[in-house]
Amino acid sequence: MCAAPSALTRAGFSLPRLARSLEKKEPTTILVVNSATTTKRLTDAGAAGSKSVALRSFPSYIEETLRARYPEGGVVVTTRSQPRATAETIRDELPAMLAEARPALVIWQTGTFDAILGAETSIFSDAVDTGIGYVHDAGADLILVSPQYSPRTDFAFDIGAYTNALRWAARLGGVPFFDRYAIMHFWEDEGIFDFDTARPSPSLFDDVHSCIGRLLVGMIVDGVDLRTLGSR
Amino acid sequence: MPAPLAATANTPVEPAERPAPPTASGRDLRLDLFRGLALWFIFLNHVPNNVGNWITNRNFGFSDATEIFVFISGYTAAMVYGRQLDASGVLVTSARILRRAWQLYVAFIFLFVIYLAEISYVVGSFENPLYAEEMGALQFLAEPDVALVQALLLKFRPANMDVLPLYIVLLATFPPILWALKRWADATLLASFLLWLAVQFLGFNLPGYPDDRMWFFNPFAWQLMFVFGGWCGLGGSDRLARLVHARAVLVLSVLYLALSLAVVTSWYWPPLEGLVPPAIGDIIYPISKTDLSVLRFLHFLALAVVIVRLIPVQAPFLRWEAVRPLIMCGQHSLEVFCFGVFLSFAAHFVLNEVSGTVLMQLTMSVSGIALMVGLSAVLSWYARAERDRAARKKAG
C-alpha cells in the first residue's frame with residue numbers, strides 16, 4: 001500500500017551526524033517540526049463518534065519503526081507542532097528549538113502556511129536556506145518535507161511553487177527532500193488513496209500517516225547507510 | 001477598415017474623426033496584440049497543474065504577462081483619455097476614468113462572489129481530518145461579515161484575482177496623474193520612479209486580509225509600470241525611438257534576455273543547476289514580483305526593445321486573419337480579463353472534479369482561450385452595431 005517510486009523515497013544525500021549518533025548507540029533525538037493541527041481536533045471527533053478513534057500522525061510512526069530498527073541506544077522523536085507558522089517564523093524559532101532538543105536529525109515540514117498566506121516564494125526559500133544553515137550549525141542533519149497534496153484546496157492556494165522552492169533549497173543545501181506532495185499525488189494517480197472524495201474512509205488519516213512515517217524511515221535509513229558506505 | 005475603431009476604454013460612441021495616431025492605419029495593433037497575448041497567458045498561468053502554462057513567458061525570463069498587461073493598459077489609457085482630455089476637458093475625462101474604475105470594481109465583486117461559491121462548496125461538502133490545516137485556512141467563511149467587508153475594501157483578494165484590485169487602484173488614481181502627465185510628462189515619470197525607488201528601500205505596501213497578508217501586487221511599486229506606459233502613450237515612446245533603435249541598446253537587451261533565460265531555466269532544469277553563483281544570487285534574489293523588482297522591470301524593457309525592433313508597426317502579419325483573435329481579445333481587455341479569471345476557476349474545477357489528465361489540461365486551455373476569443377468577437381460585433389446605429393442617427 002505504501003509503495004512510491006524510488007526516485008521519491010531515496011535520500012540522495014547522506015545523514016552523517018545521525019549515522020554517527022546511531023553507531024555510537026547513544027540516545028538519539030529526532031526533532032520533527034511540523035504544522036499538524038490534528039491533535040486538537042481529536043477530541044471533537046471523539047465526542048461526535050461513539051468511540052474515540054485516536055489519530056496518529058506520521059512522527060509517532062517514525063519513532064516506532066526506528067526503535068524497532070535501531071533497538072540499542074534508543075531513538076526519541078520530539079515533535080514541535082506549529083500550525084499557522086511560516087518558514088520565516090520557524091526559522092527564527094529554530095535556534096531555540098535546537099538548543100533545547102539537541103537532535104541528531106531534524107525533520108522539517110514547511111510550506112503549507114506560506115502557501116495559504118501567499119508568501120513570496122523567494123522569501124520562503126531564503127528562510128529555508130537559513131534554517132538549513134542553523135540545523136547544520138547545531139550539528140544535526142535535516143530532512144525537508146513538503147506540504148501535502150490537497151486537491152480540494154489548491155484552487156485557493158497553489159502549493160506547487162513552494163514545493164519547487166523546497167526541492168531547490170534541499171538540493172543546494174545538500175539535504176534529503178521528502179516530497180510528500182509528489183508521493184501523495186502519485187497515490188492519488190495510482191488509485192491507492194482517494195484524497196478527493198467527499199466521504200473519506202475512516203482509516204484514511206491513519207493509513208496515509210503511517211505510510212508517510214514508514215517511507216520517511218526508509219529515507220532516513222537510506223541516508224544513514226549512504227554515509228556508512230562512503231566511510232568504508 | 002479591418003480593425004474596429006472602438007478603443008479599449010469605455011466610450012461606446014467614438015467620435016469619427018480622431019487625431020491621427022503614429023501610424024496611418026489607426027491604432028497601433030501591436031498594443032492590442034500583446035495585450036491579448038498577455039490575457040491568454042494570465043489565463044493559462046491561473047489554471048494550476050496545467051501543462052498549458054509551460055508556453056507562457058514567465059518560464060523564459062524574469063518578467064511575466066502582468067508587466068505587459070499593466071504597461072499596455074497605462075499606454076492605452078493615457079492615449080485614449082489624453083485625447084479626451086483635450087477634447088472634453090479635465091472634469092468630464094476624470095469622470096469617465098472613474099466610471100471605468102467603478103466598472104472594474106463591480107467586476108471584481110462579481111468574480112469574488114463566484115469564488116466564494118466555490119469555496120463554500122468545498123468547505124461545506126468535505127470533511128477530511130487529513131486536511132484539517134488546509135481547510136482551516138478557508139474557515140474565514142465562518143465570519144462572512146468580515147470577509148465580505150474586507151473584499152469590498154479590496155483587502156481580501158483571493159488567489160488569481162490580484163491583478164484586478166491593482167488595476168482598480170491604478171485607474172482610480174489616474175485622473176490627477178494623467179493631468180500631470182499632460183503638463184509635466186518627465187517630472188511625473190520621475191516622481192513615479194522615485195515612489196517606486198522608495199518602495200524598494202522602505203518596502204511599504206497596502207495591508208490585506210486574512211492574517212497579515214499584504215497586497216500581492218504592491219500598487220506603490222507597480223504604478224511605475226502604469227505611469228511609464230502612460231508616459232510612452234503620450235508621445236514618450238516617440239522620443240525614445242532613437243534610443244530604442246540604437247544598436248548598443250539592442251545588443252544589451254538581447255544579452256540581458258539571454259542571461260535571464262538562462263537563470264530562469266536553472267530554476268527548473270537540473271543540468272543548469274548552480275549556474276547562478278551564490279555571491280551573485282545573494283545580490284539578485286529575491287526577485288520580487290510584489291514590489292516589481294528592478295530585474296523584472298529591466299527584463300520587460302529589454303523585451304519591449306526587442307519586440308519593437310522585430311515587429312514594426314506596419315508589420316503585414318498584424319493584419320492576418322490568424323492574429324485577429326489575439327487583437328480582438330486585447331481590444332476588450334476588461335471583459336476578457338474578468339472572463340479569463342472566471343474560466344480559470346471553471347477549468348480548475350473541471351480538472352479536479354472530472355479528470356486532470358494532460359489531455360484534459362490541454363482541452364481546458366484551448367477551450368478557455370476559444371471562449372475568450374468568442375466573447376471578444378461578440379463584443380466587437382456589438383460595438384460595431386452600436387457605432388453603425390449612432391452613425392445612422394447622426395446622418396439621418
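Analyst: L144(A) sits opposite F177(A) of β5(A), and β4(A) and β5(A) run parallel, joined by two bridges. Strands here are DSSP E runs of at least two residues, helices are H or I runs of at least four, and both are numbered from the N terminus; two strands pair if DSSP finds at least two bridges between them. Bear in mind that this is a predicted model, where local features need pLDDT of at least 70 and side-chain atom pairs count only at pLDDT 80 or more, while totals for chains, interfaces and linings use all residues. Residues are numbered from 1 along each chain as its sequence is written, with chains lettered from A and ligands numbered from 1 in the order in which they are written.

Moving on to β3(A), residues 105-109: this strand pairs in parallel with β4(A) (residues 141-145) over five bridges, and L105(A) stands opposite D141(A) there. β3(A) also runs parallel to β1(A) (residues 28-34), through four bridges, and L105(A) is the bridge partner of I30(A).

Five of the five residues in β3(A) are buried, meaning 20 or more other C-beta atoms (placed from the backbone) lie within 10 Å of a residue's own; 12 or fewer would be exposed, and in between partly exposed. L105(A), I107(A) and Q109(A) point one way, V106(A) and W108(A) the other.

Zooming out, the open five-strand sheet of chain A has the order β2-β1-β3-β4-β5, with parallel pairing. β2(A) (75-81) and β5(A) (177-178) are at the edges with a single partner strand each, so one side of each has no neighbour in the sheet.
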